[in-house]
Amino acid sequence: MIAHLHIGGITIQTFGIFFALNFISWGLVAAKRLGELGKPPDWAYEIVVAAVLGGLIGARAYYLIQNHGSLHGSLLGNVFGGSGLVWYGGLLGGTIAVLLWARWRGFFSLQLVDIAAIGLPLGYAIGRIGCQVAGDGDYGKPSHLPWAMGYADGTTPTPPGVTAQPTPIYETVSMGLVALVLWHLRDRFRPGVLFAMYLVLAGLERLIVEFWRRNNHVLGGLTAPQLESIGLVIAGAIALSLTARRHGGLGRASRGATLAAAA
Amino acid sequence: MTAGCHNRLVLLRQIALVLGVFVGATLLALLFGAKNLGTALTFGQIAFAATLVAVILTSKRPDRES
């Protein structure tokens, strides 16, 4: 694994490269969808900037809250330290920042939430490449499967001779397929349904993958991300159920309705 | 062919493409001497994601289903 690249005297973290690619892809997809909805594609770049800033603050804050007992040194030193980002914190921070942007732009609608429903799994799939290449500890439990591998040069290395399940690869493939399917269904359902589907699918994916990962159990034999995933699945299922009950179904009548809702 | 049927075929073709690229890039990495299968799969993972982004950005809007 390659945690760092040294180019022209500059050290670049490989995780950072994929972190950036994640947001670039996000922006391109959002721009395309905004264009389809008759909105300015340039808004995509504003959304990405808001998501990056909010996501970084949220991911770091969540890490500091989770690990406050094991941190040493000053508060500022810990806040701006080199590592420690948690996905769910980033999701929360990014969501709040994008919603604030939407309110400012007058685009506070379920259409925006559905754009995020495609960008989030796509970004997750790309971000997990960074985890895999950097060997940052997001890999699985020790294993002797034919595709198990060691992360001896990772930022969180495996012990010599130990091989582990490359769970970031599982996550890239599964969430990448989720992004592709949701992208394909983008005009088919009522506004907000895509995001509810994302919540259910993302929750299920993480719930299952966690059984191979090496996070500590916190309650009932489940890890913290598994408990959070169950929350996502329930929230998504409730949203789908309420939408179906209120409108007599989840489908949308026509593409004209998409544009009418976006207007 | 109905719009719904056509849309499903397009989706299946796209899924087959991204998974095919994943497998193909993994096999190529093995052929070129990847240290182990996990490392080869990492190349497959990168190729999968790159193809996925390309497929999403170049795909046409699905036909309207009645």
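Ala239(A), once its neighbours within four places in sequence are left aside, is in contact with Gly192(A) and Ala196(A). The model in which this is seen is a predicted one, and Ala239(A) belongs to helix 8 of chain A, which covers residues 224–247.

**Ala239(A) and its surroundings**
- Ala239(A) and Ala196(A) are separated by 43 residues in sequence, yet their C-alpha atoms are 6.0 Å apart in space.
- Ala239(A) counts as partly exposed because it has 17 C-beta neighbours inside 10 Å, whereas a buried residue would need 20 or more.

**Fold of chain A**
- Chain A contains nine helices and four strands, and their order along the sequence is β-β-α-α-α-α-α-α-α-β-β-α-α.
- Of the 263 residues in chain A, 45% count as buried.
- When contacts in chain A between residues at least 6 apart in sequence are considered, 68% of them join residues at least 24 apart.

**The largest nonpolar core**
- The largest nonpolar core has 73 residues, and those touching the most other members are Ile47(A), Ala51(A), Ala117(A), Ala179(A), Leu182(A), Tyr198(A) and, from the other chain, Leu52(B).
- Two or more residues of this core come from each of helix 1, helix 2 (43–66), helix 4 (87–105), helix 5, helix 6 and helix 7 (193–209) of chain A, and likewise from helix 1 (3–31) and helix 2 (37–58) of chain B.
- Helix 5 of chain A gives the largest share of this core, with 15 residues.
- In soluble globular proteins, nonpolar side chains tend to be buried together.
- Leu182(A), apart from its neighbours within four places in sequence, is in contact with Ala117(A), Ile118(A), Pro121(A), Leu194(A), Met197(A) and Tyr198(A); among these partners, Ala117(A) and Tyr198(A) are also listed with Leu182(A) as core residues that touch the most other members.

**Where chain A touches chain B**
- On the chain A side 29 residues take part, and they are in contact with 24 residues of chain B.
- At least two residues of the side of chain A that touches chain B are supplied by each of helix 1 (14–36), helix 5 (110–134) and helix 6 (167–184) of chain A.
- Helix 6 of chain A provides the largest share of that side, namely ten residues.
- Sorted by class, the side of chain A that touches chain B is made up of 18 nonpolar, six polar and five charged residues.

Notes: Residues numbered from 1 in each chain as written. Chains lettered and ligands numbered in written order. Predicted model: local features only at pLDDT ≥ 70, side-chain atom pairs only at ≥ 80, totals over all residues. Contact = placed C-beta atoms within 7 Å. Nonpolar A, V, L, I, M, F, W, Y, C, P; charged D, E, K, R; others polar. Buried ≥ 20, exposed ≤ 12 C-beta atoms within 10 Å, placed from the backbone. Core = buried A, V, L, I, M, F, W, Y, C linked by C-beta atoms within 7 Å.
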